Amino acid sequence: MTQYTEDKRDRAVLVGLSAHSLPREECATEASMEELEALLETAGGVCVGMALQNRDAPEARTFIGEGKTAEVKELVRNAGADLVIFDNALSPSQQRVLSEELGVQVLDRAALILDIFAQRARTREGRLQVELAQYQYLLPRLTGMWGHLVRQTASGGKSPIGTRGPGETQLETDRRHIRRKIAKLQEELEQVRRVRATQRQLREKNEVPVVALVGYTNAGKSTLLNALTGAEIPANDRLFDTLDTTTRTLEISDTCTVLLSDTVGFIRKLPHHLVEAFKATLEELSYADLLLHVIDASNPEWREQAEVVEHLVDELGSAGTPRIDVFNKADCYTGDILPHGADIVSLSAKTGQGLDKLLEMIGTRLDTGARRVVLQIPYDQGGLVDLLHRQAKVERVDYGEAIEVTAVCTPVQLGRLRGYIVSGWTPPREFWEE
Ligand SMILES: Nc1nc2c(ncn2[C@@H]2O[C@H](COP(=O)(O)OP(=O)(O)OP(=O)(O)O)[C@@H](O)[C@H]2O)c(=O)[nH]1
Ligand SMILES: [Mg+2]
């Protein structure tokens with residue numbers, strides 16, 4: 001008993017369900033439970049018990065079955081746990097019922113991730129985004145969870161996992177207040193976004209291609225950015241170390257300089273609100289000319305992780321952006337043979353092995369695939385013609401109703417000039433959607 005009164009960390013029992021009726025990516029597996037434990041540790045808690053159930057379908061009221069609920073209750077009592085965390089998403093009512101039946105606070109993976117983001121967010125934008133996501137998560141859960149939280153915080157002591165972020169006094173107020181708060185946060189974020197758009201326009205004037213790092217959390221994105229650019233972004237062996245976008249210049253060769261951006265890592269079952277809220281930060285991705293998908297090749301789960309990333313990149317509307325798959329951590333990789341291909345590179349951000357190959361690949365990717373297009377440029381955009389003369393191979397210029405230019409352009413330039421192309425190039429659909 002004395003052993004855990006000294007440990008101040010939140011003690012949690014982790015529960016997961018795998019059911020035939022659930023989509024595969026929503027099922028709990030041993031690997032996803034392990035990841036949940038890592039998330040719990042990142043949030044400052046400790047796992048004191050674990051239960052994984054296989055079932056045909058979730059129970060409507062309690063998600064897991066009756067027998068399993070009793071078993072979890074037993075686990076909670078024996079281990080002296082103060083909360084139960086589900087790997088699967090729970091509905092607000094399931095969360096409430098389970099909390100009553102188990103006698104402790106019940107969270108799901110989404111709430112845990114939100115909690116970590118709340119602890120980690122540093123910039124104003126990051127904090128606004130997390131707060132917005134937390135309020136949106138809380139709104140449908142006001143009745144059940146709140147009574148519990150208020151009781152808990154009223155009893156004094158530190159605030160437990162899942163309750164950090166919006167202050168307690170705000171948590172006591174009503175839905176209308178929360179809705180107002182959400183609207184206000186959205187407005188503030190809109191402002192942040194406007195600043196971002198201006199910065200981006202400035203950057204586009206600079207005509208420098210943007211390369212963005214994407215990948216599963218802990219894959220080594222920040223380490224790679226540091227290795228390539230000499231930046232000193234913190235890179236730690238914990239989940240969601242980076243929550244803000246950092247951009248640095250990277251010289252690929254004497255003639256080619258790009259901007260390289262680090263982004264927030266992805267994870268399976270990322271709360272939908274969070275993806276929504278972080279769209280401003282992740283917007284960087286949609287403006288990237290090239291994505292570097294960093295994969296931790298030393299992780300036996302890399303395939304599943306890569307799939308999650310692909311899925312989120314799609315959801316964020318960047319499926320059409322050229323991509324290089326970077327199999328990182330080659331220094332400690334011992335598993336099966338990695339895929340090979342023109343858009344695949346294996347390297348170690350830590351030892352530097354393979355970095356030159358990546359640089360070469362970025363250079364080729366940004367330069368190849370040039371093709372001849374005809375552009376119609378309005379006279380008031382005449383500056384673009386100068387730009388084309390400087391950047392592309394201009395073959396012909398006709399002055400008619402508009403300036404008609406025939407030029408050979410690289411994919412990056414084509415992406416930028418998409419509004420003016422009249423023939424020669426069929427852009428991917430997402431290029432047209434703004
Ligand atoms: N052995 C080895 N470890 C690496 C390599 N690259 C990164 N790491 C380690 O992996 C851990 C995570 O690296 P980060 O660069 O923080 O990963 P990240 O993708 O930025 O993670 P988040 O910001 O949390 O999404 C750190 O402990 C790094 O030292 C590598 O090539 N080899
Ligand atoms: Mg990072």
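For "binding site", the unreviewed UniProt entry lists S222 and T242; such annotations may be inferred rather than shown by experiment. The structure here is a predicted model, where local features need pLDDT of at least 70 and side-chain atom pairs count only at pLDDT 80 or more, while totals for chains, interfaces and linings use all residues. Residues are numbered from 1 along each chain as its sequence is written.

S222 sits in helix α10 (residues 221-229), helices being DSSP runs of H or I with at least four residues, and strands runs of E with at least two. S222 counts as buried because 24 C-beta neighbours fall inside 10 Å; the cut-off for buried is 20 or more other C-beta atoms within 10 Å.

Helix α10 lies across β5, β6, β7, β8 and β9, at about 155° to β7 (angles run from 0 to 180 degrees between N-to-C directions). Six strands make up an open, mixed sheet, in the order β6-β7-β5-β8-β9-β10. At its edges are β6 (246-251) and β10 (344-346), each pairing on one side only; pairing takes at least two DSSP bridges. From one strand to the next, the twist averages 25°. Strands β5 and β8 run parallel and are joined by five bridges, with A212 opposite L291 in β8.

Elsewhere, there is a helix pair to look at. The axes of α2 (residues 30-42) and α5 (residues 109-120) come within 9 Å and cross at roughly 35°. L36, L39, L40 and T42 in α2 meet R109, L112, I113 and I116 in α5, contact being C-beta atoms within 7 Å. Those residues divide into six nonpolar, one polar and one charged, with Leu and Ile counting as nonpolar and Arg as charged.

Technical notes:
Chains are lettered from A and ligands numbered from 1 in the order in which they are written. Two residues are in contact if their C-beta atoms, placed from the backbone, lie within 7 Å. A residue is buried if 20 or more other C-beta atoms lie within 10 Å of its own, exposed if 12 or fewer, and partly exposed in between; C-beta atoms are placed from the backbone.
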